[in-house]
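Please prepare a short briefing on the side-chain contacts of this protein.

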Amino acid sequence: MNVRATAAKVIYQVVDQGQSLSAALPAAQQDIRERDHALLQEICYGVLRWLPRLESITQALMDKPLKGKQRVFHHLILVGLYQLGYMRIPAHAAVAETVNATKTLKKPQLRGLINAILRNYQRQQEELDTKAISHDAGKLGHPSWLLKLLKESYPEQFEAICEANNTKAPMWLRVNRQHNTRDAYRALLDAEGIATELHSQAADALRLLSPCDVTKLPGFSDGWVSVQDAAAQLAVDYLQPQAGELILDCCAAPGGKTAHIMEHVPSTKVVAIDCDENRLKRVHENLARLNLDATVLCADARYPEQWWKGDKFDRILLDAPCSATGVIRRHPDIKWLRRGEDIAALATLQAEIFDAMWLQLKPGGTLVYATCSITPQENCDQVKAFLARTSDATLIGSDPAKPGRQILPGEEAMDGFYYAVLTKAE
């Protein structure tokens with residue numbers, strides 16, 4: 001299967017059909033040679049990062065847009081432009097392979113059109129590139145609704161946030177302290193020629209200076225280490241699990257935080273819930289590799305009476321469903337799958353879960369509210385509203401006027417994340 005044709009189909013599935021890249025890309029990789037997987041991923045991620053620029057250039061080079069059954073060829077043009085503008089592939093090879101994709105996509109009669117557009121771009125590249133970044137969407141690679149939100153929320157930082165969102169995400173490891181200290185595992189990596197950096201706060205975190213296949217990590221199959229962003233690893237520090245406690249990890253998939261809690265304090269009894277049965281498969285897989293045992297339930301956090309008849313919980317980690325605007329560098333499709341109106345709907349859902357989970361917390365217990373979002377509506381505003389309506393809740397470790405901690409994308413090479421810690425009156 002031609003890699004460019006496959007990439008065009010993936011971009012079409014995401015942009016036109018609303019599929020997530022995390023679903024469309026792995027399925028597409030089954031159709032191509034394994035050695036081409038990285039190339040396919042690079043093209044798909046790149047096109048989605050810089051979609052407004054590429055669309056602007058395409059519009060300038062075409063008399064009328066491709067529609068209907070020809071839409072996939074519009075995305076093939078974007079694939080070709082991305083290679084010419086951003087990749088080290090020789091231009092002649094990029095053009096030839098992209099044009100050849102028309103045969104794979106069963107429209108060889110369009111090869112002349114595709115070839116002409118790409119050749120014209122080569123001739124006018126400087127002028128077209130300059131025009132494509134003359135507006136904020138093209139310059140910063142974000143949709144207008146998200147740019148407006150970021151400008152309003154972070155007037156001093158919004159450009160830096162966009163820049164961080166458009167970079168390739170680093171590879172962070174979480175060392176399983178049941179097998180090795182972080183320093184001991186770092187020494188194992190050094191011996192394998194794998195260079196790392198430490199994190200100033202996340203005590204189990206190591207950042208690889210060059211990402212590698214997990215099979216090259218010492219003891220990965222035996223559970224010595226996991227892949228998890230440093231920002232997500234901070235959850236255990238805010239939760240502070242103690243021996244023998246009953247802990248709920250709410251909205252737990254894919255299970256990284258569940259595992260981290262149990263790696264820190266093996267005697268905890270952890271219940272992990274998520275409403276997505278398919279995503280729960282990842283929880284089971286991760287726990288099995290790490291040889292950990294938690295109670296895993298497919299459940300809607302808004303209705304705990306339907307799935308929990310046991311004691312109330314000592315601690316709850318509420319990793320709420322969110323816009324995921326803090327992890328765009330890992331999932332560039334978020335920019336094009338989300339809409340501005342989604343934020344209000346998500347905030348309403350979060351509030352329902354917040355209230356329901358609070359009732360499941362023991363007096364004297366701790367709840368950590370967390371998201372991988374950077375929108376105030378989902379984070380500090382959400383916590384303010386909760387505190388205003390919940391008389392037995394006390395905020396810990398932050399200012400009630402600006403509750404919680406907002407980590408912005410790129411801060412110490414982390415994803416964007418939010419944490420707020422609350423305790424329940426006894």
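Is asparagine 165 buried or exposed? Asparagine 165 is buried, with a relative accessible area of 1%; buried means under 20% relative accessible area, exposed over 50%, and partly exposed in between, with a 1.4 Å probe and protein chains only. This is a predicted model, in which local features need pLDDT of at least 70 and side-chain atom pairs count only at pLDDT 80 or more, while totals for chains, interfaces and linings use all residues. Residues are numbered from 1 along each chain as its sequence is written, and side-chain values use heavy atoms, with hydrogens and water left out.

**Asparagine 165**
- Asparagine 165 belongs to helix H10 (residues 158-165); helices (H or I, at least four residues) and strands (E, at least two) are DSSP runs, numbered from the N terminus.
- Its side chain makes a polar contact of 3.0 Å with the side chain of histidine 142. A polar contact is a pair of N or O atoms within 3.5 Å; within protein, one must be able to donate a hydrogen and the other to accept it, and residues adjacent in sequence count only if both atoms are side-chain atoms.
- Not counting residues up to four places away in sequence, asparagine 165 touches Arg49, His142, Thr325, Ile328, Arg329 and Pro409 (contact means heavy atoms within 4.5 Å).

**Arginine 182**
- Arginine 182 is in helix H11 (residues 182-191) and is buried, at a relative accessible area of 16%.
- Leaving aside neighbours within four places in sequence, its contacts are Val175, Leu198, His199, Ala202, Ala203, Asp204, Ala205 and Leu206.

**Aromatic rings**
- The whole structure has nine aromatic pairs. Rings of Phe, Tyr and Trp (its six-membered ring) pair if their centres lie within 6.5 Å; planes under 30 degrees apart count as stacked, over 60 as edge-to-face and the rest as tilted.
- Phenylalanine 354 and phenylalanine 386 are stacked, because their ring centres are 3.9 Å apart and their planes are at 5°.
- This pair links distant parts of the chain, 32 residues apart: phenylalanine 354 is in helix H17 (residues 340-358) and phenylalanine 386 in helix H18 (residues 380-389).
- Ring pairs join Phe354, Trp358, Tyr369, Phe386 and Tyr418 into a cluster.
- The charged end of arginine 289 sits over the ring of phenylalanine 220, 4.0 Å from the ring centre (NZ of Lys or CZ of Arg within 6 Å of the ring centre and within 35 degrees of the ring normal).

**Salt bridges**
- The count comes to 20 salt bridges, each a side-chain nitrogen of Lys or Arg within 4 Å of a carboxyl oxygen of Asp or Glu.
- Arginine 330 and aspartate 229 form a salt bridge, with the closest N and O atoms 2.8 Å apart. The two residues lie in loops 101 residues apart.
- Arginine 330 is partly exposed, at 23% relative accessible area, whereas aspartate 229 is buried, at 8%.
- Arginine 315 and glutamate 245 meet in a salt bridge of 2.6 Å, N to O. Arginine 315 lies in strand E8 and glutamate 245 in the loop between helix H13 (235-239) and strand E5 (246-250), so the pair ties together parts 70 residues apart in sequence.
- Both arginine 315 and glutamate 245 are buried.
- Salt bridges with shared partners join Asp229, Arg329, Arg330 and Asp415 into one network.
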